Amino acid sequence: MSLIDKIFQETKSNNKIALMPFIMAGDPNIETTIKALNILDNSGSHMIELGIPYSDPLADGIIIQSSAQRALNQGFRINHVFSILEKINLSIPIIIFCYFNLILHYGINNFIYKLYQLNVKGIIIPDLPIEEADEVLMTCKQYNINLNMLVSPVSTESRIKLILEKSNGFIYLVSSTGVTGIRHNFSYVIKDKIELIRRYSTKPIVIGFGVSKPSHIKQIKAWGADGIIIGSACMQQISKSTESNGLDDFKNFINEMIQSI
Amino acid sequence: MLAFVYGQGGCILQQQQQHSLQTRRCFLGNQNYFVGKNNATGKNTKTVVFKRRKQVVAVQTSHVDSLGGTRDQKKNQVEFTQVPDQRGHFGRYGGQFVPETLFFCLENLTKCFEETKDDPEFRQELNSLLKDFVGRPSPLYFAERLSSRYARKDGTGPKIYLKREDLNHTGAHKINNSLAQCLLARKLGKKRIIAETGAGQHGVATATVCARFGLKCVVYMGAKDMKRQSLNVFRMRLLGAEVREVTAGTGTLTNALSEAIRDWVTYPEETHYIVGSVSGPHPYPLIVREFQSIIGKETKQQAKEKWGSNPDILVACVGGGSNAMGLFHDFVAEPNVRLIGVEAAGEGLDSQKHAATLTCGQLGVLHGAMSYVIQDEDGQIKEVHSISAGLDYPGVGPEHAFLKDTGRAEYVAVTDEEAIQGFKLLSRMEGIIPALETAHAVAYLDKLCPTLSGSPNIVLCCSGRGDKDVHTVMEYLKEKGDSDIHLDDIIS
C-alpha cells in the first residue's frame, strides 16, 4: 500500500477526513511558497498539492488563473518548482498539479523521473483524459507515483468505470461543473456520485473545487469522501498577506479548516 | 490503432518528440515502411507510407507480431479520409485534451454528428439554407488581371482562380460551419450558443445564425481584437449577441478560446460551443472540416466545368486552418494537387513577433488538441503577433500538423508588410478588397508563381472580405508610409 493510501486509511479510522490544501508555486514569490509549505506541514494537513503555473489553465477560475499569471510574470520557470522541492523537507507527501503541455514539453519520462527523484508521491493532470494517459500511466507505475484522475459530476457511468479501472491513484471528484473557484454550497449530486464510485472501487475519493468554509468540510465528510482539496480559498488567504503580518491569515485559515475534519 | 508519422525521405523526429516518445527504431530510406516498438504500450508497430510520384499520399500504422523481416507492400491505397480515428487522432495529433467535465458533451456531440451528417432531412435543410440564406454556391472566378501579372513573354503562365467565400452572407467562409453546427445544436436541444472569435467573422456568423434560429448567443473576443475589428463587434451586438471582452494574456484569439472553454466547462448541459476552426478537441476538427469541405467540393465541380480537370495548386491562409481545410479536403487524396497553406510571419520569422505555427512551432497541446504550438522553453504558450486578427493564434488545427508531417501539404509564411501589399494588389488588380487574412495567401502568389512552369491552374481561397480591415490598414500605412505597388512590374 502506498504512503498516500496509508494516510487515507489512518484518517478514516480516526473518523476524520484528510485535508489537502493546494498552493500555487511562485505566487507571490518563491520564498512565500516555501514558507506556506512549511506552515502546512506543521498545521495537521495530511497532504499538499503544489501547482505549477501555466499560461493557459483551462480548468481554473479567476483566482488561480491570476495566481499563475503573477508567478509567470515574475519569470517563474519549471526548474524553480524543482528547486523548491529540493529545498524543503516535509513530513507529509506532496502531489504536483500540472497541465499536460508542460509535462509533454519537458518529456514525460524525464518529468516523472524528476518527480520521483524529488520524492513527490503523486500527480494530477487536469487536461489529460484517461484515453491519452497510457504513456504517463506506464511511467508513473514504473516510478511508483500515483496518477490521480479527475471525475466530474456529469461523467457517465461507463467513463467512471474506465477511469477507475486504469488509474492508479485516488479519484479527484470535482464538486460541480465549472472551473476552480470559491463556491457557496454543494449539490447532493456529489453524494450520489460518491456512492456510485464506491460501488465499483475502494479507491479513495477526494473532493475539490470551491471548498472555503468549515461547514463545507463537515458536509462533504458526512457524504463519505476521504479527502478535501482547498485551492482558491488558500490562494486568496495567501494573497492577503503582507510584509508585516506574514502568512498569519493563511495560518489561521488552515487551523480553522483543520478543526472541522 | 496508433499512427506515428514521419516526413518524407527519413526520420524527422523533433527534439521534443524524442523526449516524449520512447526508443524507437525506424528507417525509411528505400523502403516505404518502417517498424518500431512503442515502449509505452510494449507493442510493435509497422507504419506503411504510400507515395505516388514522390508525394506521400497516405500512411497506415498497424500492430505487428514481430519486428524485421520483409513484408509485401500493400498495393491498394489507404483512404486519407479515414483520419481521424475514433478518438480524433490524425497520426500523433488531435485527441481530446480537456477537463473531464467536458467529456459527456463531446461524446454526445460526436454521436449526434455521426447520426446526423448523412441524414437526408438534415442535408436537405442545410443545403437549402446554404443556397437561400448563405448564397451558395460561391463563384470560382478567373482573376484575369492578377494572372496577367504572372504571365510570361511566351504567353504561358499560371491561371489564378479565386474561390469567392467573401461573397457569402456575412462576408466569409465562417458561416458554412456556424450554420451547420447551429442545426446540430438544435438537434441536441441546446438553447445557448457560445463562440470564440479572432477577426470577428466567426462571431458574426454565429450571431447571424443564432438570430435566424432564435438562440441565445455569447461571443468571447479578446480586448485587442475588439479594438482592431470594432466593425464586427458592432455587427454582433446588432445581431443580438452578447460580446464578452477577454482581457487575459494578449487579449487575442487564444485567450478568447480559453475563456470560451471555461464557459463551456461551467455550463456544459445547456450550452453548445460552436468552435470556429478545425482546432479544439475531437470531434471539432472533424465536424468543422466536414462542414467547410463544401468549399472544396464545389471547387472540384466548378473546376471540371471550367477547364475539365482538378486544379493543380490550392492556396489558402492558415490561422486555425478552417478555410484551408475546407478547400483542401476533397483534394487530399488526389496526389497531383499541390496544397499550400500560408501562415502569418508577422514582423518576420526571426523576430519574436509572428504566428507561423507550422513553420516555427513545436509539438504541444493547446485548447484540447495535440498539434504544433508556439511555446517557450518550458512549454508555456507564447504571445504571438500578426496584423490580421484571424491568423494571430499560437496553435493550428491538428489535421494541418498531420498534413505537414506526411509531406502532403506545404506551409509557408508571409509578413505583415507583404500581406498589406497583397491586400492592395487584389484591390487594385481585381477590384476585390480581401480580408487581411486572405491577403496573406494573395501575397504568397508573388513568391510562388515565378517558381512555376507551364500554365497551372491555381485556386486561391478568398476566405473573406476586407471591409473590417480598412482601419487597420489605414493606420499601418500612416505609420509605415504608403509605398505604392508598381503595377508595371511584370514578373517573368
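A salt bridge is here a side-chain nitrogen of Lys or Arg within 4 Å of a carboxyl oxygen of Asp or Glu. The model is a predicted one, in which local features need pLDDT of at least 70 and side-chain atom pairs count only at pLDDT 80 or more, while totals for chains, interfaces and linings use all residues. Residues are numbered from 1 along each chain as its sequence is written, chains are lettered from A and ligands numbered from 1 in the order in which they are written, and side-chain values use heavy atoms, with hydrogens and water left out.

Two of the ion pairs may be examined individually. Glu131(A) and Arg87(B) meet through their side chains in a salt bridge of 3.5 Å, N to O. In another salt bridge, the closest N and O atoms of Arg77(A) and Asp378(B) are 3.0 Å apart. Arg77(A) lies in the loop between H3 and helix H4 (78-87) of chain A, and Asp378(B) in the loop between strand S15 (369-373) and helix H14 (398-405) of chain B, so this pair joins two chains. Helices (H or I, at least four residues) and strands (E, at least two) are DSSP runs, numbered from the N terminus.

The interface can next be considered as a whole. The size of an interface is often given as the accessible area lost when the parts come together. Chain A and chain B bury about 3600 Å² between them, 52% of it on carbon and sulfur atoms; buried area is the accessible area (1.4 Å probe) that two parts lose on being put together, summed over both. The contact (heavy atoms within 4.5 Å) takes 43 residues from chain A and 42 residues from chain B.

A further feature of the chain A side lies in its own helices. Two packed helices are described by the angle between their axes and the distance between the axes. H6(A) and H7(A) pack at an angle of about 30°, with axes 10 Å apart; axes are lines fitted to C-alpha atoms, for helices over the stretch in contact, and angles run from 0 to 180 degrees between N-to-C directions. In this packing, Ile108(A), Asn109(A) and Ile112(A) of H6(A) meet residues of H7(A) including Val136(A), Thr139(A) and Cys140(A).

Some backbone features remain. Most residues other than glycine have a negative phi, and most peptide bonds are trans. Asp27(A) and Pro28(A) are joined by a cis peptide bond with omega of about -5°, and Pro28(A) is found in the loop between strand S1 (18-24) and helix H2 (30-41) of chain A. In chain B, a cis peptide bond with omega of about 0° joins Arg136(B) and Pro137(B); Pro137(B) lies in the loop between helix H3 (120-134) and strand S6 (140-142). Asn15(A), a residue other than glycine, has a positive phi near 60° and is placed in the loop between helix H1 (3-13) and S1 of chain A.
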